[in-house]
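Please keep the sequence and the structure in view while reading.

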Amino acid sequence: MPGTPNPPAIETRGLRRAFDSVDAVKNLTLTLRRGEFFGLVGPDGAGKSTAIRMLCGILKPTAGEGRILGLDLYHDAEAIKSRIGYLSQSFTLYGDLTISENIEFFADLHGVENYQRRRDELLAFTRLDPFPGRLAQALSGGMKKKLALACALIHTPELLFLDEPSTGVDPVSRGEFRTILKGLLDQGVTIVMTTPYLDEAERCDRVGMMHQGKLIRLDTPVAIKAELQGRMVAASGAPLGDIYKILKQRWPATALVRYGDRLHFFAGRGAEELAEATAWLNQKGVSGVRFTPIEPSLEDVFVALMSEPKVGAAL
Ligand SMILES: Nc1ncnc2c1ncn2[C@@H]1O[C@H](COP(=O)(O)OP(=O)(O)OP(=O)(O)O)[C@@H](O)[C@H]1O
Ligand SMILES: [Mg+2]
């Protein structure tokens, strides 16, 4: 709202972005409080990057309204850019510049004066301080991400957008990256992050699930998972390969997920559907299969949602 002393970090209503005939983002309505850690997940092409680019003021919406830190998305795009940080999915560093020079370049770009102290802080924060003189092109994937993050933070943004910061990063560097984000959250920075790793999204305060341009879920990980309570089961009692093969003849592969030595089955219609599955297995000569309710993970919910022809209909 205009004039509100401490407006939400993000407030949008009906934001839409079309590319020719494709509606990349449809009707995005979202309010994020200051200091929130928000995760945006969804399959390839769901519209996550497009949503983020609109919220950064980089891409003009086709319709709808939005305020970022109280600033209008249409009229104050430049002011928005000066107060947010953005790590794009395909960020570019200058390979022939050193770590230090890359940060300095972004300091210049944002008109940050006397940036030296902030640069040294960021180098220490991202643990890149032992080698400020190393060329960016000589860095590992994880180090490049950390440097790109340091560059995105040079102007001390209040709101940070991270588009798939951990894709292609090894598990150790992902852990380090998480620690860095935790430090930023402790400083009160609001973070919006997209990630293909659902276990990573579980750490967010709230998660938005996108599919074909629509936000189909928006809640805390606990609340999202609660939707599946009692309907996510693990199968046992017969060779899992046989159970999988037979159930797959009638249920879509996405309702069935193999995790190593476990087979998860999403019974959207609960007990009735489990009885049908048991009868079907019996009919095909496999008996004694037990279905035990399990604690669903965010990944289970995601898979279950995507398994529905009309997404979300069964939930
Ligand atoms: N500049 C563009 N011109 C035309 N179509 C585009 C453009 N940018 C995105 N799209 C289309 O919009 C849709 C959403 O793309 P977007 O990149 O936002 O998805 P995403 O969820 O970020 O996917 P990914 O997980 O692969 O990064 C896709 O159909 C994509 O092809
Ligand atoms: Mg993307």
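Four strands make up an open sheet with the order β12-β13-β11-β14 and antiparallel pairing. From one strand to the next the twist averages 35 degrees. The strands named here are DSSP runs of E with at least two residues, the helices are DSSP runs of H or I with at least four residues, and both are numbered from the N terminus. Two strands count as paired if DSSP finds at least two bridges between them. Angles run from 0 to 180 degrees between N-to-C directions, and the axes are lines fitted to C-alpha atoms, for helices over the stretch in contact.

The model is a predicted one: local features need pLDDT of at least 70, side-chain atom pairs count only at pLDDT 80 or more, and totals for chains, interfaces and linings use all residues. Residues are numbered from 1 along each chain as its sequence is written, chains are lettered from A and ligands numbered from 1 in the order in which they are written, and side-chain values use heavy atoms, with hydrogens and water left out.

Opposite V233 stands F265 in β13. Helix α9 (residues 240–250) lies across β11, β12, β13 and β14 and runs at about 160 degrees to β12. Helix α10 (residues 271–283) lies across β11, β13 and β14, at about 155 degrees to β14. Contact here means heavy atoms within 4.5 Å.

Strand β7 (residues 159–163) pairs with strand β8 (residues 190–194) in the parallel sense, over five bridges. The bridge partner of L159 in β8 is T190.

**Strands β1, β4 and β5**

Strand β1 (residues 10–19) and strand β4 (residues 63–68) run antiparallel and are joined by five bridges. R16 stands opposite A63 in β4. Strand β4 also pairs with strand β5 (residues 71–72), in the antiparallel sense and over two bridges. I68 has L71 in β5 as its bridge partner. The hairpin of β4 and β5 has two residues between the strands, and L69 there takes a positive phi near 50 degrees.

The chain is divided into domain 1 (10–221) and domain 2 (227–307), with bounds that come from an automatic or database domain assignment. The C-alpha centres of the two domains lie 37 Å apart. In contact across the boundary are 13 residues of domain 1 and eight residues of domain 2.

The domains bury about 850 Å² between them, 79% of it on carbon and sulfur atoms; buried area is the accessible area (1.4 Å probe) that two parts lose on being put together, summed over both. L198, M209 and R217 supply 55% of the area that domain 1 buries against domain 2, more than any other three residues.

Across this interface the rule finds one salt bridge, defined as a side-chain nitrogen of Lys or Arg within 4 Å of a carboxyl oxygen of Asp or Glu. The elements that give two or more residues to the side of domain 1 that touches domain 2 are α7 (198–201), β9 (206–211) and β10 (214–219). The largest share of that side, four residues, comes from β9.

**Salt bridges**

By this rule the count comes to 20 salt bridges. Two of them are listed below.

| Side chains | N to O distance |
|---|---|
| E227 and R217 | 2.8 Å |
| D205 and R33 | 3.7 Å |

D205 lies in the loop between α7 and β9, and R33 in the loop between β2 (22–32) and β3, so this pair ties together parts that are 172 residues apart in sequence.
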